[in-house]
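Please look over the sequence and the model below before reading on. The report that follows takes up domains, sheets, helices and aromatic rings in turn.

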Amino acid sequence: MSELKTINRFRFLKLNQERQKAIEQASTKPVNPGYPVGQLAKKLHPQVQHVKISAIKEWDQNCKTFTLVPDETRATPNLAFFQAGAYISVRLQVGQTILTRPYSLSSSPRQALAGQYQITVKRVPKGLASNYLLDHCSVGTQLTVSGPLGNFTYLPIRDAHTVVGIAGGSGITPFYSLAQAIADGDEDCRLILLYGSRTVDDILFRQEFQELEKRSDRLQVVNVLSDEERPGYEHGFISADLVKKYAPQKEDYSIFMCGPQGMYQFMDKELQKLHLAKKWLRQEVQGEAHDPHAFSDYPNQANIPATVHINVDINGEHKTITASSQQTILQSLEKNGIAAPAHCRSGECGWCHSHLVSGKVFCPLQMDHRRAADQEFHYIYLCCTYPLSDLTIQVPQPEM
Ligand code: FES
């Protein structure tokens, strides 16, 4: 209160006038974009990075780890730094389809400073991107990727010191990055990782994790095998009981989860048994939406047409496409060779934010992360919105 009294009230009232005067007298010359802070922001958050594949580790026919290095011939001299848990989205052209796919970075943040990223790609049956990367990309292939993105990162101000990681299949990749960052001393947390695989042969980074466990007493990896019983391995599925068995008994812990959609559905129910506060539960984005009938809130209307026409304004051009009502608008645009902005493909990042000028759409409640203002002014996320009628939309230009 005493501090408030010292404020010169008359000076305060004149502040607006003084500011207005200063604005009017200011130069109209644009601010120098070359200020160090601007350059640093551009380096840390590039919208696009050009890379090439420098090495490939083949786990089996259906899974490979690609090492990516900057492609200086296409104006990418180095790679952006990232925090463990981040992903990059890869833009591909497969036939006439132009698409993006998000892949978690499995390499350590330190490797980025040394000019290397790694992503691990597992084959998805009928998956356009994974099949293309696994079967058609080799050492030397040039790729275009985004800067690092995502929120699946450890934040000491929000998360407990101990993280219980729950991983399934290729969902191990962000945890491998986190484990390396812990061993390198770049993340100040403890990781107890429960990793579900079918058999020992399906475990990714098994030896690498063993090496990391030797380097840091803040790492513990528990492999859980569903289809095989072996001494030293848990058997079955990751469950609430298994979390209780390995989680700290007398201190708070955060749960970080990354894996296939089926695992999320199973674990959501299991984790309720632990009665943990919501703030301790974090999960990587759920993945792309496919069959809209899988969502309980899909309108049960006989008059939803099988195909619709979508009028698209993009890059100052106007196009009309025929689209299936059973696919997201993003999938239909991509199939028709229209490069739309998208990264997470799960309704989380907001990059596919577009204006619905006319028409009816369905966005599943569980994927609808729009702000109230977006809903009021008819903005949609293309990656998780299905057409219910003919549409007209305005789509921003993709940045990569
Ligand atoms: S691509 Fe991220 S919200 Fe649509």
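Two strands count as paired if DSSP finds at least two bridges between them, and the elements named here are DSSP runs numbered from the N terminus, with helices (H or I) of at least four residues and strands (E) of at least two. In strand 11, the bridge partner of Ala-167 is Cys-258, while in strand 8 the partner of Ala-167 is Tyr-195.

This is a predicted model, in which local features need pLDDT of at least 70 and side-chain atom pairs count only at pLDDT 80 or more, whereas totals for chains, interfaces and linings use all residues. Residues are numbered from 1 along each chain as its sequence is written, and side-chain values use heavy atoms, with hydrogens and water left out.

The domain assignment, with bounds that come from an automatic or database source, divides the chain into domain 1 (42-145), domain 2 (162-283) and domain 3 (299-395). The centres of domain 2 and domain 3, taken over C-alpha atoms, are separated by 36 Å.

An open sheet of 6 strands has the order 10-9-8-7-11-12, with parallel pairing. Strand 10 (234-235) and strand 12 (281-283) stand at its edges with a single partner strand each, so one side of each has no neighbour in the sheet.

| Strand pair | Sense | Bridges |
|---|---|---|
| strand 7 (residues 162-168) and strand 8 | parallel | 7 bridges |
| strand 8 and strand 9 (residues 219-225) | parallel | 7 bridges |
| strand 7 and strand 11 (residues 253-258) | parallel | 6 bridges |

Strand 8 (residues 190-197) is largely enclosed by the rest of the structure, because 6 of its 8 residues are buried, where buried means under 20% relative accessible area, exposed over 50% and partly exposed in between (1.4 Å probe, protein chains only). The chain passes from strand 7 through helix 6 (residues 173-183) to strand 8 in a right-handed β-α-β crossover, a term which means that, with the strands pointing away from the viewer, the path from the first strand over the helix to the second runs clockwise.

**Aromatic rings**

Rings of Phe, Tyr and Trp (its six-membered ring) pair if their centres lie within 6.5 Å, and planes under 30 degrees apart count as stacked, over 60 as edge-to-face and the rest as tilted. A search of the whole structure finds 10 such pairs. The rings of Tyr-176 and Phe-205 are stacked, because their centres are 4.1 Å apart and their planes at 20°. Tyr-176 lies in helix 6 and Phe-205 in the loop between strand 8 and helix 7, so this pair ties together parts that are 29 residues apart in sequence. Tyr-176 counts as buried at 9% relative accessibility, and Phe-205 likewise counts as buried at 3%. Tyr-176 also pairs with Phe-209, and this pair is edge-to-face because the ring centres are 5.4 Å apart and the planes at 70°. Trp-59, Tyr-176, Phe-205 and Phe-209 form one aromatic cluster.
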